[in-house]
Amino acid sequence: MKQWWNWRKRETELEKEIQHHLQMAATERGERGASPQDAASAARREFGNVPLVKEAARDAWGWTWLEDLCEDAQYGIRMLQKNPGFTAVAVLSLALGIGATTAVFSAVYGVLMNPYPYPKSDRMVHLTVQETIGEPLFINLNGPQLQQLRHAASIESVAAMDSWDLTTTEGDLPEDVQAVYLTSNGFDLLGVPTLLGRGLLPSDAPEGQDPEAVAVLGYKFWQRHYNGDPNIVGKKIQLVHKTYEIVGVTRPRFTWGDGEVYLPLKLTADPVRAYFPMTRLKPGVTRAAATAELQPLLEEFAKQTPTHFPKHFRVTLAGLNDHFVERIGGTLSLLLAAVGLLLLIGCGNVSILLLARGTARQHEMAVRAAIGAGRSRIVRQLLTEALMLSLCGAALGVALAYGLVQVIVNWLPEFSFPHEAAITINLPVLYFSIALALLTAIVFGISPALQSARPNLSAVMQANTRKLTAGVRGRRTHGVLIAGQIALTLLLLAGAGVAMEAFVRMIRVNLGYDQRNVMSVGIPVHDNTYTTWEARGTYFRQLLRKVSELPEVVSAGLSTNATPPNNGWQTRFEISGKPAGEEQRLRLNFVTPEYFIVLRISLLQGRIWYESEQMRGAKLALINQTMARKYFPNGDAIGGQIRLPEMKGEPPFQLAAPESDGWFQVIGIVSDARNDGLRNPILPSAYVPYSIMMPMFTQILVRTSVPPLAVLHAVRERIHAVDSDQQAGRNARDLESWIQHEPEWEQGHLVATLFGGFAILALALAATGLYSVISYAVSQRTSEFGIRMALGAMRRDLLLIVFRSAALNVVCGLLAGAALTGILNGVLGRWIQGSSLNVPILLGVVFLLVATSALSCFVPARRASSIDPIVALRYE
Amino acid sequence: MVYMVGYRRSIAILPEEKLVPYQNRMELLQGTLDLLILQTLMWGPRHGYGIAQAIRANSGELLQVDAGSLYPALHRLEKKKWIGAEWKVSENKQDVKVYKLTAAGRKRLTQERTRWEQITDAIAGVLNPAKKENQP
């Protein structure tokens, strides 16, 4: 902008300077006696060519290129205005590509490149350990262990976190509030200033005293619960009857632990009480070095608190985003590749249009060249025009991207990306779009520009504009572009086909339970309540009975950790009389007998335990078919005994029945139901009475005669009636929605829908490209067709000619596309799990492409064949 | 005879060019015009037209600076910060751009002068070899 002003200023100054010169010269001549008119014209003559002098002077400042650019841009705009149809198709083609790419890139940028607002977040690590098999596990440490960890050489600081479901006790029904307790250095370690007020300070949790009753609100909670009240700091909030003073509000991207309120945490020396550690490494310390230091330390901790650690493990420090990169990185890369293809296809379209127009503008170029325009000057002008197109496309594309980003954000698997991530069209994303526009202008503009800038002067100037056929060279370029578009479209369609097939297969999977009209209501238990085994067992049973009394409730059962389709606690087990393998694991579920009724899981053999057995915590177990088949192949499951050595209580949090790690008797076999998500095979599992182990939460599964969520309020009232402080968890959802919140469902849905959408756009673009080429070729060959018809060609013959000219390109494209798809099949199979390319998909896609191509050819071909020979021969 | 001082860009043939036959022009090296401008400004600030006039007067009306060379040269020297420019109001209330020598320009002028003298000496030596031998 400043440069622009400088330029304008210089321009006027130069003008003034020259005028002054002319005036002085004229005055002097006048003094010598010339008439004023003669003096002025003589002065002018002596001066020379004014614009030329100006240009030479401007050259000294290096401004000519800018002038040229402005001229070219003005000219370009005029050209685009003159051909609205061309401009619309070209801009739209680019806008779709750039818009889709921008939207997907904003997700890539938000999730993978800049996910966290915390400064130097690359030094923040999660303490995880790796067993011999399975996923890395997060490790919790107790107070003394955390103190010890703080002194490790590779660690700069350690904070601890704990989270609880609290409730507001101000409204009519208790509302669930996700509280994150942070040690007072937590805000300091995270290093993000608050939006209002202050964060937690060391003075909020003085050594050896109870922490101050202060709270920092999470941004979303502040918005939802207080409508973003700007004067909130200093007001009070009551949580489970305790009053806290609100001292601050976090920034929108500070969502550590998805907290709604942040409260100060005091570490206790109680060895049972474990906290989630937050660790920041010292600058320059590699993860490998830190891992080496922490391995012996954690092994020592494991000896102190064996229940908090797996038996054998290797310390693996995980970066904050590692988990998410693994979960969603591939999906996002795949989508980015897909939109990249879409953009390329769009570029191909514009190239085709520009080439066609280039032929029409040959005359103009020849004239330019004849009056002295250099080749580079013409290329520059044509590229400027291309740039105008791509910038218009980018502007429209960014507008489209705003919409698409929202769709992506809504469909991203909820727990597969960091909630700190800001997925929006922000400045870096805009830079990316602009770079994309420049790049695309070069990609689609360079080849038409180079071709047009090489006019064969004498040929064009002398040629009669009435030509019988178009040049071969132009057609060949068109052919290559069409084939390329078809190939890329095939690739995209095949990818979409694979993704959609995988998704459809997943949603059609046999669940093994009846998910309709059932909801799951979470019940988080408050700290220091129902701390004995008897009390908590009775409390849970009371809640269940109260809810069952509702008239709309058909049946209800407790399912502490057993809400499908991904349920149960993965734990080691032993079978009586058989050697125990280290890797022998099952999914253990804590339920009541009604669980099987609610979910309509049938009992195949044996019996279910009775209420009385449940009340005394009898060690009885049901197993699923898979378990029976795999571990009791001789049909001797019933009467067999299993032991779950890892199952030990931890009062006052985990309350276990006496001798819970003893032998359980298998009393029945139930039918298989999905327990490891929708895609993985069903795992061996066992069901034991809920009373065997009661953690700080349970869930009630409710089957209703009406849509279940309509009954939720009544259920909450019933729960409230048992204990006036008891809230229902926020995420009370029906089981359909549990399925739709499975990461593989969300991921499959995202990929299948977006991929499908992009593929359809690609198909439309390719069809447009083909249509333009054929229409253009037909119009070029009008005279030829006229002659053919005059000589007796039938309409059918002309149709055939047109089709044949397109067929070669389409077939080449299909072959190339099929080859490309074959090569990339491995990549595709890796990112779209559970499926890979197969023949039916490929055939279907080829058929779709051929049909679309035929249709795009048919319209112009028909036009060609319905030409009146007389008109055609006179056609200019 | 009048010599046009300057170095021209290739330009289309325009009617006024016919006034001065091409062979009568003295095409100078680029640095020469710079030297003349810098030297002229040594005697005090001047506007563009004044510089041209001064060069003409001081060369005994022999060197006539072409505007098409003068202004690009002035702007180039200004960009290189050898001369500075200022807007002043003239006697007949007009805005006039006045150029003056900067410190850097003064230094440049001495350099250019030395170079010029070396060249003229060298050329003189070539033209009159005998003279040189006669002066041992």
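Trp745(A) lies in helix α22 of chain A, which spans residues 743-780; helices here (H or I, at least four residues) and strands (E, at least two) are DSSP runs numbered from the N terminus. The model is predicted: local features need a pLDDT of at least 70 and side-chain atom pairs count only at pLDDT 80 or more, while totals for chains, interfaces and linings use all residues. Residues are numbered from 1 along each chain as its sequence is written, with chains lettered from A and ligands numbered from 1 in the order in which they are written.

Trp745(A) is buried, because 20 other C-beta atoms lie within 10 Å. On this scale a residue is buried at 20 or more other C-beta atoms within 10 Å of its own, exposed at 12 or fewer, and partly exposed in between, with C-beta atoms placed from the backbone. Leaving aside residues up to four places away in sequence, Trp745(A) touches Met506(A), Leu678(A), Ile739(A) and Gln740(A); contact means that C-beta atoms, placed from the backbone, lie within 7 Å. Val722(A), 23 residues from Trp745(A) in sequence, is 36 Å away in space, C-alpha to C-alpha.

Now to the wider packing. A nonpolar core is a set of buried Ala, Val, Leu, Ile, Met, Phe, Trp, Tyr and Cys residues joined through C-beta atoms within 7 Å. The largest one has 182 residues, and Leu342(A), Leu492(A), Phe758(A) and Ala762(A) have the most contacts inside it. Its largest share, 20 residues, comes from α22(A). Domain 3 (327-508 + 745-874) and domain 4 (526-725) of chain A each give this core at least three residues, the bounds coming from an automatic or database domain assignment. Phe758(A) touches Ala100(A), Ala338(A), Val339(A), Leu342(A) and Leu492(A), again not counting residues up to four places away in sequence. Apart from this core lies another, of 50 residues, including Met124(A) and Val247(A).

Between the chains, the contact takes 18 residues from chain A and 20 residues from chain B. On the chain B side, α2 (48-58), α3 (67-79) and β6 (95-101) each supply at least two residues, and α3(B) gives the largest share, seven residues.

Confidence deserves a friendly word. Chain B averages a pLDDT (the predictor's confidence in each residue, from 0 to 100) of 74, and 72% of the residues score at least 70. Over residues 6-27 of chain B the pLDDT is below 50, and this stretch has 25 contacts in the model beyond near neighbours in sequence. Where pLDDT is low, the predicted coordinates should not be read in detail. For the complex, the predictor gives an ipTM of 0.75 and a pTM of 0.77.

Conventions. Two residues are in contact if their C-beta atoms, placed from the backbone, lie within 7 Å.
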